[in-house]
Amino acid sequence: YIHLAFPEPDSRQADGSPRYNRRVQVPIVAFCKELGTMFESMLTSYAMCFVADASSSLSSHVFSTIFTKCQSELQIPIIQEPAWMVTMALLIRRKAILMEDAKRILFSLCRLESLRLQLQGKKGQKHKTVLFILPGQGCTKILLPMLQSLFPCERHVFAYDGCAASVQRGLMHLKKGHASQLPVTAMPRSITATIPLFTMMKDLNTLPNLLAQLPNHVAGIVEAWIGSVDALLSLKENEGKNMYTPFVCRMEFLLKEDPKSKKDGADERSILALTNVLQYITGSRSRALDDMTMDAAQSVLVDLREEYQNDTKNFPKVDRKMRVTIEDCAFAHKMILYGDKTLPDTVIPTKEWSLKAGKKMTSCACCFPAEEDEEGSEADDGEVTKVDASSFGNAENAFVDGKMSFAFDPTAFTGMK
């Protein structure tokens, strides 16, 4: 069953928000089947954007803060880490619901949430985009493929951080417990960022023994991160069929200081990364965001960068031995092992950015030890040239054959900062 809350038209809470005194319980499958049929016949005037996470909810915090504090400028409402999505992921994992019914429910409730925000907007104001920030990385492996199949033409963002950094942030969530400031409709990040709802141990033979060397709470975060990244890589393998072309956002580009891009006291890389992702989410790449909007967003990002630096200094400590084991777990996924430190098609902060980029493989995706070697090259017709997987090991392009040798000496690489 699902409980629907209806606002009282003449009753308001102290903060001016509607008071929901009327609640109705309905059978969720039958209700969503009818609801889905109704939505399929409706024309919509808004787009949806889904943000999937592989950063222990760092991306969730950053994007929700920016779009909340800049609501008057960006005018994009957000649905932040809804608990009902976590419930759906649990039902799917336990096979307690038919897959077709699960898809129908996800489709119907996403459209219902979007319609609710449209109706709650100011009179005469129609939002052009509704932003869904998905629950943490523990749910991504289950939810992302389904949402992509249901909404292939909507915008998708995949935001990630390194595995070791995600572990430290996940430990911070566990230390804080449920104290994080989230809407009452959201599941705590101490759960969604640290507990994998889909196990990767059946697919990666060496992973169980490696995870067994880690404390239970650390192993959960590592497996959740690997599962989330695997969701991206699996969808990327069949992107020609599933039409999955997300904005792959590396959170370090937004938050970590880059001495090489400093100019007049500002970090150009961070500003470009912010501009790029806002252009994509708002659908305004062809028309520049106005100066007032960018100034407001940059002001919020300055505070977030300061918060990020303080959090990094106060992260729970991960000793050298544990860090090496964490990296070994990430390397158990072969596509992460011989993949670049940036995940496939990560958007490099530039004025003329692209969702597609062929990049040289130099190191790993879990710790980002080196700077970018080159960006994708574009053909004359404007399409970005893609790397042929069959060319791995070819001396001409200097790619590494993951079956024959490592991209680096794993015994010498610890990722220590």
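Q: Is C329 buried or exposed?
A: This is a predicted model. In it, C329 has a relative accessibility of 0%. Buried means under 20%, so C329 counts as buried.

Q: Which cysteine sulfur is nearest to that of C329, and how far away is it?
A: The nearest cysteine sulfur belongs to C163, at 7.5 Å. C329 is in no disulfide.

Q: And how many disulfides does the structure hold?
A: The count is 0.

Q: What about C110, buried or exposed?
A: C110 is buried, since its relative accessible area is 0%.

Q: Changing topic to the sheet: in what order do the strands come?
A: The open sheet has 5 strands, arranged β4-β5-β3-β6-β7, and the pairing is parallel. At the edges are β4 (78-80) and β7 (247-250), each of which pairs on one side only. From one strand to the next, the twist averages 20 degrees.

Q: How many bridges join β6 to β7, and how many pair it with β3?
A: Strand β6, residues 155-160, is joined to β7 by 4 bridges. Between β3 and β6 there are 6 bridges, in the parallel sense.

Q: Which residues stand opposite each other there?
A: On the β7 side, Y160 stands opposite R250, and A159 has C249 as its bridge partner.

Q: How many residues of β6 are buried?
A: The number is 6 of the 6, so β6 is largely enclosed by the rest of the structure.

Q: Which residues lie on each side of β6?
A: R155, V157 and A159 are on one side, with H156, F158 and Y160 on the other.

Q: Now the helices. Which strands does α5 lie across?
A: Helix α5, residues 99-120, lies across β3 (47-54), β4 and β5 (129-133). Relative to β5, helix α5 runs at about 125 degrees.

Q: And where is T140?
A: T140 lies in helix α6, which spans residues 137-150. At 3% relative accessibility, T140 counts as buried.

Q: What is T140 in contact with, leaving aside neighbours within four places in sequence?
A: The contacts of T140 are A52, D53, P135, P145, F158, S228 and A231.

Key
Residues are numbered from 1 along each chain as its sequence is written. This is a predicted model: local features need pLDDT of at least 70, side-chain atom pairs count only at pLDDT 80 or more; totals for chains, interfaces and linings use all residues. Side-chain values use heavy atoms; hydrogens and water are left out. Two strands pair if DSSP finds at least two bridges between them. Helices (H or I, at least four residues) and strands (E, at least two) are DSSP runs, numbered from the N terminus. Axes are lines fitted to C-alpha atoms, for helices over the stretch in contact, and angles run from 0 to 180 degrees between N-to-C directions. Contact means heavy atoms within 4.5 Å. Buried means under 20% relative accessible area, exposed over 50%, partly exposed in between (1.4 Å probe, protein chains only). A disulfide is a pair of cysteine sulfur atoms within 2.5 Å.
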